[in-house]
Amino acid sequence: MKFASTRGGSPEVGIDDALAAGLAPDGGLYVPLAIPEAHLDKAGATLADTAAALLGPYFAGSRLEPQLADMCRAAFDFPVPLRPLQGAGDYLLELFHGPTAAFKDIGARFLAEALSRLRESGAPPTTILVATSGDTGAAVGAAFHRREGFRVVILYPDGRVSPRQAHGLGCFGDNVQALRVEGTFDDCQQLVKQALTDAGLRESITLGSANSISLGRLLPQMAYYAHASLQFRADHGTSLNFVIPTGNLGNALAAWLARSMGLPIGDIVIASNANDVLPRYFDGADYRPQAGKATLANAMDVGAPSNFERLRWWHVDDAAVRASMRACSVDDGQISAAIAGAPARHGLVPCPHTAVALHALESLRAHGDRRPWAVVATAHPAKFERVVEPLIGHEVKPPPALAAALARSATATPLGLDYPAFRDWLLESTAVQ
Ligand SMILES: *Cc1c(COP(=O)(O)O)cnc(C)c1O
């Protein structure tokens with residue numbers, strides 16, 4: 001299978017090259033030239049089995065093809081349960097049972113398996129730069145921790161992630177280092193972009209990226225939609241609809257891609273926080289990226305959803321894009337109310353991101369929708385204890401992997417908003433590796 005750039009100015013490549021590059025040379029995002037049909041009529045015995053069958057066509061003819069099943073087994077070694085909730089037809093797809101208690105573990109672990117298998121033996125180590133608003137950095141750090149031939153440098157906005165998130169970013173040690181940047185998430189992303197396009201720097205250090213536009217993170221996210229929807233159809237004879245907490249649109253795009261491959265997925269609803277670029281667009285306005293606004297669901301504070309470029313590429317026009325899913329915006333007051341009401345209404349404690357989707361489900365039900373819906377739970381509530389605990393009035397116990405991370409000590413190096421200082425730090429810290 002061949003992959004093209006959304007901007008049309010780069011040569012078509014196979015998946016190995018698309019994974020290694022991250023971004024296409026013309027600045028676009030890689031997309032498969034055609035969406036293959038899944039030919040899956042039932043779920044595999046495990047999520048890893050479903051993933052290997054689903055991803056097979058994308059890897060046909062690649063160096064990784066013979067290793068795909070092993071990669072899936074190594075990456076997807078934790079459960080992703082579809083849990084019935086209290087209300088008839090309400091389900092929760094729990095994506096937070098990985099090592100850092102957020103769904104980004106799934107994409108990050110698959111990408112790490114792919115990149116370490118693509119690495120030539122004896123090549124110089126690759127430094128992976130990752131800007132994060134919280135969850136991505138931890139997932140990428142965990143996925144590459146102590147992996148031979150890789151080093152990870154995480155940049156996060158100082159004071160703008162939850163204390164537990166900050167701890168989770170700084171607790172790795174070894175080949176994973178955290179920089180707390182005096183600035184916003186967009187500033188962190190800008191520093192990373194500057195480094196990745198600094199030809200002089202790249203002569204001294206082999207740099208890589210692991211951000212949410214990498215195909216190696218997008219494609220594996222289809223696996224849980226495939227697995228859950230096939231199981232659901234086997235049990236209930238019908239397709240399953242999804243409400244998806246959305247920031248950069250990677251998770252929702254994976255659901256759309258899985259549905260386009262023929263999986264029994266019904267409607268897709270994108271639930272955004274107060275960053276409402278997508279809801280406005282789906283309501284008919286032009287697509288107008290904005291600066292990100294801080295909300296209670298901080299991992300979704302995105303004003304320019306990067307995967308929109310892929311969604312747009314696959315459709316002939318805006319009307320076709322708008323017919324592919326629906327979108328709604330949920331403000332901080334509604335997020336708080338959804339968290340506070342969730343124990344009684346749904347029998348669960350949600351993280352703020354999952355609460356955005358729960359609010360969206362509640363409004364569907366209030367409008368008389370009786371179809372089966374799964375709310376996608378993107379993180380464990382214990383990661384956002386400062387938001388969640390005051391609203392529900394009791395402590396939320398961290399799951400074992402998160403508790404283990406919290407028990408380790410954490411450090412982060414302060415960094416001013418200063419590219420030359422970042423560059424010098426990278427060169428010096430690489431020299432001592
Ligand atoms: C990243 C993240 C999201 C948003 O996912 P996208 O793929 O960027 O739309 C939602 N919830 C949590 C907890 C996240 O970490």
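A residue is taken to be near a molecule when one of its heavy atoms lies within 4 Å of that molecule. The model is predicted: local features need pLDDT of at least 70 and side-chain atom pairs pLDDT 80 or more, whereas totals for chains, interfaces and linings use all residues. Residues are numbered from 1 along each chain as its sequence is written, and side-chain values use heavy atoms, with hydrogens and water left out.

**Figure 1. Residues surrounding the ligand.** The ligand is surrounded by 15 residues, and Lys104, Asp135, Gly247, Asn248 and Thr378 are the closest. This shell comprises six nonpolar, seven polar and two charged residues (Ala, Val, Leu, Ile, Met, Phe, Trp, Tyr, Cys and Pro count as nonpolar, Asp, Glu, Lys and Arg as charged, and the others, Gly among them, as polar).

Figure 2. A polar side-chain atom of Lys104 lies 2.5 Å from a ligand oxygen atom, and a side-chain N or O atom of Asp135 is 2.6 Å from an oxygen atom of the ligand. From the backbone, a polar atom of Gly250 is 3.1 Å from a ligand oxygen. The protein buries 97% of the 380 Å² that the ligand exposes when taken alone (Shrake-Rupley method, 1.4 Å probe).

**Figure 3. Lining of the largest cavity.** On a 1 Å grid over the protein atoms alone, a cavity is a set of points where a 1.4 Å probe fits but cannot get out, and lining residues have an atom within 4 Å of a point. Residues lining the largest cavity include Thr246, Gly247, Ser272 and Asn273. The lining has five nonpolar, five polar and no charged residues.

Conventions. A polar contact is a pair of N or O atoms within 3.5 Å; within protein, one must be able to donate a hydrogen and the other to accept it, and residues adjacent in sequence count only if both atoms are side-chain atoms. On a 1 Å grid over the protein atoms alone, a cavity is a set of points where a 1.4 Å probe fits but cannot get out, and a pocket is an open set with protein on both sides within 12 Å along at least five of seven lines; lining residues have an atom within 4 Å of a point.
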